[in-house]
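Here is a short briefing on one protein chain. Look over the sequence and the model first, then read the points below.

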Amino acid sequence: MCSWCYAFDNSWLKLQQVLPEQVQITCVLGGLAPDTTEPMPEAMRRMIQQTWRKIEKMVPGVRFNYDFWSRNTPVRSTYPACRAILAAKKQNPAVEAQMLRAIQNAYYQFAKNPSLFETLQECAEVIGLDSAEFRSDLSSEYIDSALKQQLHLAAGLNAFSFPSLRLLHQDTAYPITVDYLDHQTMLKDINKVINDV
């Protein structure tokens, strides 16, 4: 749910199209902000809005809907969105990226609160998931356990900033510098690791 992850989408999609055949992609949820119902402090609201403005200046084509801040009581809790992606993936592994995009669009384009169950349920319906199954899975111990496993994996990869890219090659995780503007930079780094190690 990080706004930088949202800004990375275009470059990430381009990178995926040119990756060497032997590179397999695994998406890992980093969590970002644990469960809470506390309203976001005013200072944090201002900081996030400043981040949005910075991203809009830096990454061509990325825009945010600032109506979010007047229409919602913001809560800094991204674990519900992470669980929603896992629940969607459990129902249909092929829709993981679609669910992520649906949640990001609901938040960043349609000014809906991604920490609310209703928003996540709506996103599941938009991508064609079974509502009852999604609702049941979202609050299940299985999905909560799956999220904990994802957080553990992210920590093991030293992925503490978002987005993060790691290339696992010969049992070593190599950090790949994220480039929001030029996917070729990342491709060169990946090829260098593959060819030099």
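The chain exposes about 11,100 Å², and carbon and sulfur atoms supply 51% of it. Accessible areas come from the Shrake-Rupley method with a 1.4 Å probe, and for residues only the protein chains shown count as cover. This is a predicted model, in which local features need pLDDT of at least 70 and side-chain atom pairs count only at pLDDT 80 or more, while totals for chains, interfaces and linings use all residues. Residues are numbered from 1 along each chain as its sequence is written, and side-chain values use heavy atoms, with hydrogens and water left out.

**Overall build**

- Nine helices and two strands make up the secondary structure of the chain; helices (H or I, at least four residues) and strands (E, at least two) are DSSP runs, numbered from the N terminus.
- Along the sequence, their pattern is α-α-α-α-α-α-α-α-β-β-α.
- Taken along the principal axes, the C-alpha atoms fill a box of roughly 50 × 40 × 30 Å.
- Of the 197 residues, 46% are buried, where buried means under 20% relative accessible area, exposed means over 50%, and partly exposed lies in between (1.4 Å probe, protein chains only).
- Among contacts with a separation of 6 or more, 70% are between residues 24 or more positions apart; contact means heavy atoms within 4.5 Å.

**The largest pocket**

- The largest pocket holds about 1,300 Å³ of space.
- A pocket is found on a 1 Å grid over the protein atoms alone, as an open set of points where a 1.4 Å probe fits, with protein on both sides within 12 Å along at least five of seven lines; lining residues have an atom within 4 Å of a point.
- Grid points are joined across faces, edges and corners, and a volume is the space filled by probe spheres set on the points.
- Its lining has 47 residues, and Trp12, Thr26, Cys27, Val28 and Ser164 lie nearest the centre.
- The elements that give two or more residues to this lining are α1 (3-18), α4 (79-91), α5 (96-108), α8 (141-156), β1 (165-169) and α9 (183-196).
- Helix α1 gives the most, with seven residues.
- By class, the lining has 33 nonpolar, ten polar and four charged residues; Ala, Val, Leu, Ile, Met, Phe, Trp, Tyr, Cys and Pro count as nonpolar, Asp, Glu, Lys and Arg as charged, and the others, Gly among them, as polar.

**The second largest pocket**

- About 320 Å³ of space lies in the second largest pocket.
- This pocket is lined by 22 residues, with Met1, Leu32, Ile48, Arg76 and Tyr107 closest to its centre.
- At least two lining residues come from each of α1, α2 (42-58) and α5, and α2 has the largest share, four residues.
- The lining consists of 15 nonpolar, six polar and one charged residues by class.

**Residues near the start of the chain**

- Cys2 is in the segment before α1 and is buried because its relative accessibility is 11%.
- Not counting residues up to four places away in sequence, Cys2 touches Leu32, Tyr108 and Phe162.
- Ser11, in helix α1, has 4% relative accessibility and so counts as buried.
- Leaving aside neighbours within four places in sequence, Ser11 is in contact with Asp179, Tyr180, Leu181, Asp182, His183 and Met186.

**Helix α6**

- In helix α6 (residues 117-126), the buried residues are Thr119, Leu120, Gln121, Cys123 and Ala124.
- These buried residues pack against α4, α5 and α7 (131-138).

**Backbone exceptions**

- Most residues other than glycine have a negative phi, and most peptide bonds are trans.
- Leu32, in the loop between α1 and α2, has a positive phi near 70° and is partly exposed, at 32% relative accessibility.
- Gln170 has a positive phi near 50°; Gln170 sits in the loop between β1 and β2 (172-176) and is exposed, with a relative accessible area of 55%.
- Phe162 and Pro163 are joined by a cis peptide bond, with omega about -5°, and Pro163 is in the loop between α8 and β1.
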